[in-house]
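Here is a short note to read beside the model. Please keep the structure open and find each residue as it comes up.

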Amino acid sequence: MRSPLARAEGLGSAKGGVKHWWAERVSAVALVPLTVWFLGSVIAHAGGDYDAVITWLKTPLASLAMIVLLLALFHHTALGLQVVIEDYVHSDARFAALIAVRLGCLALASAGIVATLRIVFSP
Amino acid sequence: MNSKPSISDVTVARRRPLSPNIQIYRPQLTSVLSIANRITGVVLSLGAVGLVIWLTAAAMGPRAYGAVHGVGSSWGGRIVLFGFTFAFFLHLCGGIRHLVWDTVHGFELRSIYISGWAVVGGSVALTVAAWTVSLLLAG
């Protein structure tokens with residue numbers, strides 16, 4: 001997104017601001033249909049029991065969409081919480097908080113994907 | 001660790017005068033929706049944790065799923081889920097408003113207020129609609 005001239009002259013932030021901004025937008029656009037799909041599906045299964053939810057999650061479309069949702073959701077969450085921490089945490093806890101958010105989001109996304117795959121491949 | 005003073009060190013050391021901050025301004029739709037987008041984002045991070053707990057319980061089996069489903073179906077659980085639903089729609093509508101702004105559209109003061117009230121009205125309407133349909137389907 002940076003112009004070739006700005007890049008060549010070394011103007012602007014030398015850090016990852018553009019990449020962060022762009023990734024936040026891309027994940028946001030992806031999350032619009034994914035989250036609406038998820039909410040709509042949960043509402044459709046609102047009265048559904050365990051079997052109904054498992055049957056739904058075992059369909060190829062639902063399991064694929066769920067995994068993409070988890071990736072986009074926790075990427076977006078990590079980017080958003082990073083900005084909140086950078087804005088409000090000025091103590092030495094900032095670095096620890098940034099690492100905790102990044103690792104926490106990675107762990108949660110992984111746990112969600114593993115759970116989805118366990119459901120898909122369960123007998 | 002390093003010799004560079006942190007931001008807090010500098011602030012304490014110099015006691016610089018601070019420009020008036022949010023506490024002296026009357027809340028406006030623009031500022032309230034701005035901070036609301038950030039607050040709902042943080043709230044929805046907790047909702048994302050709930051999503052992983054729900055998925056993991058479903059993967060563990062009917063008993064674990066039943067326990068999580070029971071918490072979600074309780075009155076306290078429903079109130080929390082209602083709050084998450086409203087936070088979701090506010091962040092969704094506010095996020096779409098931001099994406100439109102990113103295309104350099106809608107920056108006139110009048111447009112800002114029209115889109116702002118659309119976000120408020122849309123979020124309330126979508127939350128009520130989602131719960132109405134959900135409760136009707138659940139019977």
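**Notes on the model**

1. B:C93 is buried, with a relative accessible area of 15%. Buried means under 20% relative accessible area, exposed over 50%, and partly exposed in between, with a 1.4 Å probe and protein chains only.

2. Ground rules. This is a predicted model, where local features need pLDDT of at least 70 and side-chain atom pairs count only at pLDDT 80 or more, while totals for chains, interfaces and linings use all residues. Residues are numbered from 1 along each chain as its sequence is written, chains are lettered from A and ligands numbered from 1 in the order in which they are written, and side-chain values use heavy atoms, leaving out hydrogens and water.

3. Helix α4 of chain B covers residues 75-102. Helices (H or I, at least four residues) and strands (E, at least two) are DSSP runs, numbered from the N terminus. This helix has 28 residues and reaches 40 Å from its first C-alpha to its last, close to the 40 Å expected. The expected span is 1.5 Å times one less than the number of residues. Its buried residues include B:F88, B:F89, B:C93 and B:W101. Among the elements that cover the buried residues of α4(B) are α2 (17-44) of chain A and α5 (109-138) of chain B. Just after α4(B), B:V104 takes a positive phi of about 60 degrees.

4. A tyrosine to look at. B:Y65 lies in helix α3 (residues 62-73) of chain B. It counts as buried, at 4% relative accessibility. Which residues does B:Y65 touch, not counting those up to four places away in sequence? They are A:D49, A:Y50, A:V53, B:W54, B:A57 and B:A58. Contact means heavy atoms within 4.5 Å.

5. Chain A. This chain has 5 helices and 0 strands. Buried residues make up 34% of its 123 residues.

6. A helix pair in chain A. Helix α4 (residues 60-88) and helix α5 (residues 93-120) of chain A pack at about 170 degrees, with axes 9 Å apart. So α4(A) is roughly antiparallel to α5(A). Axes are lines fitted to C-alpha atoms, for helices over the stretch in contact, and angles run from 0 to 180 degrees between N-to-C directions. Angles under 35 degrees count as roughly parallel, over 145 as roughly antiparallel, 65 to 115 as roughly perpendicular and the rest as oblique.
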